[in-house]
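Let's take a friendly walk through this model, with an eye on charged pairs and surface. Here it is.

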Amino acid sequence: MEKDEGGGPIRPGKKKKKKKNRETKLHLTFDESKRVDFLTGFRKRKNERKEKAKKDNERLLKEARAKVKQKARDDKKKKLESIMEQFEKLKQSGEDDLTKFESEKHVFEDENTTVTVAAIDI
């Protein structure tokens, strides 16, 4: 009886099996210490992710607060500039407007202090 490459008999009607290629196969080897670190490190990695997210949120919140404060400062500055411009216009326009301004003045006096309050329409 005839034999195939694998050493078995050749049977008519059956396909011949190919020899397994064992030389070029991928062989995996595990480092036991790295495996243990991976399996026991889930909680540690989860806590690290939480800390990172917390720091990012705090940073974003701080930046948002700074933007709000800066915007408030800019708004106050613009409002003060517009008030000063209006006051300068009143001052340059003539005595009629200034007398109106002077007529809306209220003076409050105490033993030690004198307070003058003037109303300005904006």
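In this predicted model, Arg59 and Glu63 form a salt bridge whose closest N and O atoms are 3.3 Å apart. The two residues sit four apart in helix 2, so about one helical turn separates them. Arg59 is partly exposed, with a relative accessible area of 42%, and Glu63 is partly exposed too, at 37%.

How many salt bridges are there by this rule? The count comes to three, and they are set out here.

| Pair | Closest N and O atoms | Helix |
|---|---|---|
| Glu32 and Arg35 | 3.3 Å | helix 1 |
| Asp56 and Lys52 | 3.9 Å | helix 2 |
| Arg59 and Glu63 | 3.3 Å | helix 2 |

Glu32 and Arg35 are three residues apart, about one turn of helix 1. Glu32 counts as partly exposed at 47% relative accessibility, as does Arg35 at 42%. Asp56 and Lys52 lie four residues apart in helix 2, which covers residues 42-93. Asp56 is partly exposed at 30%, whereas Lys52, at 56%, is exposed because the cut-off for that class is over 50%.

Now for the nonpolar side. Leu26, Leu28 and Phe30 make a nonpolar surface patch of about 450 Å². Leu28 is found in the segment before helix 1 (32-40) and counts as exposed at 66% relative accessibility.

As for the whole protein, three helices and two strands follow the pattern α-α-α-β-β along the sequence. Buried residues make up 2% of the 122 residues. The accessible surface comes to about 12,700 Å², with 53% belonging to carbon and sulfur atoms. Among contacts between residues at least 6 apart in sequence, 8% join residues at least 24 apart.

Technical notes: Residues numbered from 1 in each chain as written. Predicted model: local features only at pLDDT ≥ 70, side-chain atom pairs only at ≥ 80, totals over all residues. Heavy atoms only, no water. Buried < 20%, exposed > 50% of the residue type's maximum accessible area, 1.4 Å probe, protein only. Contact = heavy atoms within 4.5 Å. Areas by Shrake-Rupley, 256 points an atom, 1.4 Å probe, with all protein chains shown as cover. Patch = residues over 30% accessible without salt bridge, like charges linked within 9 Å, V, L, I, M, F, W, Y side chains within 5 Å. Salt bridge = Lys/Arg side-chain N within 4 Å of Asp/Glu carboxyl O.
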